[in-house]
Amino acid sequence: MEKIFVIETKNTHYVMGVSNEGIVRHIHWGKKACADDYNVSPEWERNSNHSELDYISEEYSPFGGTRYRSCAFKCEYYDKCRDTVLTFKDAKQHDGMLDITLTDEAYDIDIILHYRWSGNDDIITRYATVINASEHDLTIEKLMSAELMLPSEDIYDITNTNGSWAGEFQLETSPFKAGSIRFETHRGTTGHVNSPFLIMSKNATEDFGDVYFVALGWGGNFKMEAQRDFIGMTRITIGLNDFDFSKILHPGESITTPKAYIGYTNGFAEMSNQMNDFAVNNILPKSFAKKPLPVLYNSWEATGFDVNVEGQLKLAKIAADIGCELFVMDDGWFGQRKDDHAGLGDWYVNEEKFPNGIDELIDGVNALGMDFGLWFEPEMVNEDSDLYREHPEWAYHYDKRKPSLLRNQLVLNLTMPEVKQYVFDVMDKMLAAHNIRYIKWDMNRPFSEIGAPNLENQRDLWYLHTLAVYDVADKLKEKYPYLQIEACSSGGGRAEYGALEHFDMAWTSDNTDPVDRLEIQRGFSMLYPRKSMRAWVTDWNSHSRPTSLDFRFNVSMQGSLSIGSNLLNYTDEDIEKCKYYIALYKDIRELVQFGKLYRLKNYRADGMYANQYVSEDKSQSVLFICSTATSFFNRQFKTVLLKGLDENATYRVNTPEGEKIRSGSYLMNVPHPIRLAYPLESVIWRIEKM
């Protein structure tokens, strides 16, 4: 008798069944149907070149047999056999969870497919566990978190990012008609180019259309691969990158993959809002997940490496005066750190810069009513450091290769227990001795010369290093529950759900030019929570492409507002503007960080930018509008339709032209003219239910 498993989310069904041959077959993912009607349809071998196994909808495909497509799992057994046969063993299902166990009986290995969900949204969490129950070693060569099947032979548009340092989250969409395409990283972190998410859509807009998506919670090497075969079937695998990867499981050992978050929604806005809420409720560290993040001042752009008590306190006094709640001192406070050539690894306070100790600064900041935060780059070491002179073997290396320096630094081998402990201890020592409530955890280069002679299997380093980072972060937050940690990697090189399960927020990009940030932030907002997006107001490009302070605040207020400007250079008028906008942000930040987001316009498609945020109860809304630097004529003929309001309510709309009283139905159905007379102009509308 067939076994059918139905996962029911708020609006969707995800359905699997076990065939007579014991293969777990995918049946349906999408809109709900009658649960009693689902069944495993019969398949047949087309001919000797297109076998049944080659095109059936498997829930998790192993390498082996007559499959000639991409697989989710590949291994080598003790006798050199590389053919895996997985059949259904058992299943456990109750409210919100399903575990399906597959087994290769000939070699005593089990693979458990985990599914977790709730009825509050349409997000399903998927991951897999491999258990070696045999008496022999098992070598895993490919291990995916999930395999996904898209319904029908329709052609989908595929969306990922094609970015770079200072240009992260640049969305690219194209029709996916045939063959295979992969998005991945080999860098040791997620990097700045491709993102560990995939969006497959069909005739989709912000408001309508089929949208299937998956985001992987992993900050190391990832791989997402889509294939469309000869019968028009689209498959997706997502998980650990099999590039330079293998994992040896000794008898009795197991490995669990990173989590993959999958969903089906109607339109992109619904996708973004569901993932935003899901992340707040289920992924972000619990201590701060549902609390608004503070307005932050970071002194890096003002002082660089030249830090001292007097200079930092001058900035801190102004930061407190304009309304900042957290003061973060960046690079330069430790070791012999005068520039980026020396000091990384020596995490003690520089006595020349702080002759009376760092508490003089921390106490001064606290007296101003702000918390204090500190920058670390704990995974890195300079050759010119006491740590490297004492322990050169602590960096990844090959004995007969000269190490490649990027930003004059090397990567520490966190797979060594003593190195991992050192990384924890240096931050723990600072936190225990000083009132530090925030760490900016940076990582400014990818891996190279990836020798890890301490490991039995050196291809395991990519996986183990990422786990070590997460473990250190978790232990710090467990010991210091008031601590917030920001994930930074030369900007957005670690801005993804793996980091966001252990860190409270991410630095989205080193590029703080407000015009560039509009597209960077739009890409981030597609699948990541807005409260986790640190967005700085700075002086970046103030000479080559000047933008008003109003424009810069408008852009940065659409995430977790932060200030990075040199406040010592601000005029009295600038300071008053800072006070005004920070006070305004504090009034609306719960709307921005926790409300619904509607991307009404974007530069690429519309020649202007408009984002609307709406509270859960639809009583409050804020609209941010930015013009481009295009011609005067084009800026005169723009309109906007609001979204997400109560059509039966009456709203007070505050615009630069004055106050208007309008019904929700009017605001959402009648286009409103927007006149932006000047290039790079911005306005903010406040909308409140009466």
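The side chains of Glu147 and Arg69 form a salt bridge, with an N to O distance of 3.7 Å; the term stands for a side-chain nitrogen of Lys or Arg within 4 Å of a carboxyl oxygen of Asp or Glu. This pair joins distant parts of the chain: Glu147 lies in strand β9 (residues 138-150) and Arg69 in the loop between α1 (52-55) and β4 (73-76), 78 residues apart. Helices (H or I, at least four residues) and strands (E, at least two) are DSSP runs, numbered from the N terminus. Both Glu147 and Arg69 are buried, where buried means under 20% relative accessible area, exposed over 50%, and partly exposed in between (1.4 Å probe, protein chains only).

The model is predicted: local features need pLDDT of at least 70, side-chain atom pairs count only at pLDDT 80 or more, and totals for chains, interfaces and linings use all residues. Residues are numbered from 1 along each chain as its sequence is written, and side-chain values use heavy atoms, with hydrogens and water left out.

A network of salt bridges links Glu58, Arg67, Arg69 and Glu147. The search of the whole structure finds 46 salt bridges, including these:

| Salt bridge | N to O distance |
|---|---|
| Glu147 and Arg69 | 3.7 Å |
| Glu184 and Arg182 | 2.5 Å |
| Asp330 and Lys440 | 3.4 Å |

Asp330 is buried because its relative accessible area is 5%, and Lys440 is buried because its value is 4%. Glu184 also counts as buried, at 18% relative accessibility.
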